[in-house]
Amino acid sequence: MGKILAVCISEKKGTAKRNVDRVEVVLARGLLGDAHAGDGHRQVSLLSQKKIADFRAKGAKVEYGDFGENLVVDGINLSSLTPGTLLKCNDVVLKITQIGKECHNRCSIYEEMGDCIMPREGVFAKVINGGIISVGDEMSVCRAPSDSYRVWIITASDKSFNGEREDKSGPVVKEITSKAGFLIAGSTLLPDDQKKLENELKRICDNGLADLILTTGGTGLSPRDCMPEATLSVAHRVVPGIAEAMRAASMIITPTAMLSRSVAVIRGATLIINLPGSPKAAKENLESIIGTLFHGLDTLTGKSSECAVK
């Protein structure tokens with residue numbers, strides 16, 4: 001278990017970061033207000049307090065943020081971790097993407113000391129669940145990359161199946177889950193046919209092909225929409241809170257979210273969640289729950305975890 005000692009941002013690139021004590025961490029972006037936040041793979045930078053203390057012991061006069069780090073963490077040897085490892089602080093979940101970074105230009109610290117720790121000790125991560133981080137908050141290492149879960153994506157659409165319209169929702173779901181650390185086990189495109197959907201859900205679950213199935217499409221009020229019926233037909237247990245949470249989050253954006261009939265269920269050791277067919281709605285719904293899914297799957301599969309999102 002570690003502790004956050006500094007939360008640093010710089011409002012303009014090329015300026016030193018400063019400790020602001022408390023900040024919002026934005027999903028798939030980084031620290032709100034930080035000029036270096038973006039959609040790349042180095043959204044948040046971290047340094048271990050011990051590495052900074054050791055460098056100070058050599059005579060370096062450095063403050064938190066001088067190395068360009070966003071978070072200073074005490075109690076965790078961050079650079080000893082591996083890419084794919086998940087870190088959790090409050091609701092925030094970070095996925096480590098890179099250890100160290102080549103410096104093309106010598107910084108002022110290197111010019112003064114002949115050395116800099118960021119290139120070898122700096123840790124970079126992507127945000128897979130947002131929230132608030134403050135100085136004094138606890139951070140934990142909650143999963144190594146070997147524990148990633150497998151996801152299967154099913155798109156239900158008559159028009160896409162018949163080649164009349166491109167499936168855009170399936171790729172959106174794939175991108176979000178991949179970035180969050182899930183392994184893509186496979187994908188299926190089917191028409192709005194309840195029996196075919198039921199058979200595919202059973203095939204994936206009963207053969208242990210995936211830990212999580214995310215479906216997109218077939219959740220509306222059209223007479224052909226039958227994904228919730230297919231899902232409930234194969235269910236062993238229902239998980240109503242997931243669908244309720246998605247609708248509540250989506251209702252903030254659009255009142256038509258109340259018309260979604262999405263459900264979430266368990267069959268065997270597989271969690272099945274319905275998402276809307278609209279790429280925008282599928283993205284909004286999935287992003288509202290994805291940080292919690294790891295904990296749900298840990299519980300379902302019997303693994304312990306400190307990654308629960310409150």
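Contact here means heavy atoms within 4.5 Å. The model shown in these figures is predicted.

**Figure 1. Leu286 and its contacts.** Leaving out residues up to four places away in sequence, Leu286 touches Val173, Ile176, Thr177, Leu214 and Leu275. Leu286 is also one of the residues with the most contacts inside the largest nonpolar core.

**Figure 2. The largest nonpolar core and another core.** The largest nonpolar core has 28 residues. Those with the most contacts inside this core are Phe182, Leu212, Leu214, Leu271, Ile273, Leu286 and Leu293. Two or more residues each are given to this core by β12 (150-156), α5 (169-180), β14 (212-216), α8 (240-251), β16 (264-267), β17 (270-275) and α9 (279-301). Helix α9 supplies the largest share, seven residues. Another core lies apart from this one and has 23 residues, among them Leu31, Val44, Val73 and Val123. In soluble globular proteins, nonpolar side chains tend to be buried together.

**Figure 3. Thr216 in strand β14.** Thr216 lies in strand β14. Is Thr216 buried or exposed? Buried means under 20% relative accessible area; Thr216 has 1% relative accessibility and therefore counts as buried. Apart from neighbours within four places in sequence, Thr216 is in contact with Ile154, Thr155, Ala156, Ser169, Gly170, Leu275, Pro276, Gly277 and Ala282.

**Figure 4. Helices α6 and α7.** Helix α6 covers residues 194-206 and helix α7 covers residues 227-234. Their axes come within 9 Å and cross at roughly 45°, so the two helices are oblique to each other. The crossing of α6 past α7 is right-handed. On the α6 side, the contact is made by Gln194, Leu197, Glu198, Leu201 and Lys202. On the α7 side, Met227, Glu229, Ala230, Thr231, Ser233 and Val234 take part. Sorted by class, this contact has five nonpolar, three polar and three charged residues.

**Figure 5. Helices α8 and α9.** At what angle do the axes of α8 and α9 cross? The axes come within 9 Å and cross at roughly 120°. Helices α8 and α9 are therefore oblique to each other. Helix α8 passes α9 in a right-handed crossing. Ile242, Ala245, Met246, Arg247, Ala249 and Ser250 of α8 meet Glu284, Asn285, Ser288 and Ile289 of α9. By class, five nonpolar, three polar and two charged residues make up the contact of α8 with α9.

Figure 6. Most residues other than glycine have a negative phi. Ala28 is not a glycine, yet has a positive phi of about 60°. Ala28 sits in the loop between β3 (22-26) and β4 (30-31). With 28% relative accessibility, Ala28 counts as partly exposed. Asn90 is not a glycine either, and has a positive phi of about 55°. The loop that holds Asn90 runs between β7 (86-89) and β8 (92-99). Asn90 is partly exposed, with a relative accessible area of 33%.

**Figure 7. The whole protein, for orientation.** The protein has nine helices and 17 strands. Its C-alpha atoms fill a box of roughly 70 × 35 × 30 Å along the principal axes. Of its 310 residues, 48% count as buried. Among contacts with a separation of 6 or more, 74% are between residues 24 or more positions apart.

Key. Residues are numbered from 1 along each chain as its sequence is written. This is a predicted model: local features need pLDDT of at least 70, side-chain atom pairs count only at pLDDT 80 or more; totals for chains, interfaces and linings use all residues. Side-chain values use heavy atoms; hydrogens and water are left out. Axes are lines fitted to C-alpha atoms, for helices over the stretch in contact, and angles run from 0 to 180 degrees between N-to-C directions. Helices (H or I, at least four residues) and strands (E, at least two) are DSSP runs, numbered from the N terminus. Angles under 35 degrees count as roughly parallel, over 145 as roughly antiparallel, 65 to 115 as roughly perpendicular and the rest as oblique. A crossing is left-handed if the near helix is turned anticlockwise from the far one by less than a right angle, and right-handed if clockwise. Ala, Val, Leu, Ile, Met, Phe, Trp, Tyr, Cys and Pro count as nonpolar, Asp, Glu, Lys and Arg as charged, and the others, Gly among them, as polar. A nonpolar core is a set of buried Ala, Val, Leu, Ile, Met, Phe, Trp, Tyr and Cys residues joined through side-chain atoms within 4.5 Å. Buried means under 20% relative accessible area, exposed over 50%, partly exposed in between (1.4 Å probe, protein chains only).
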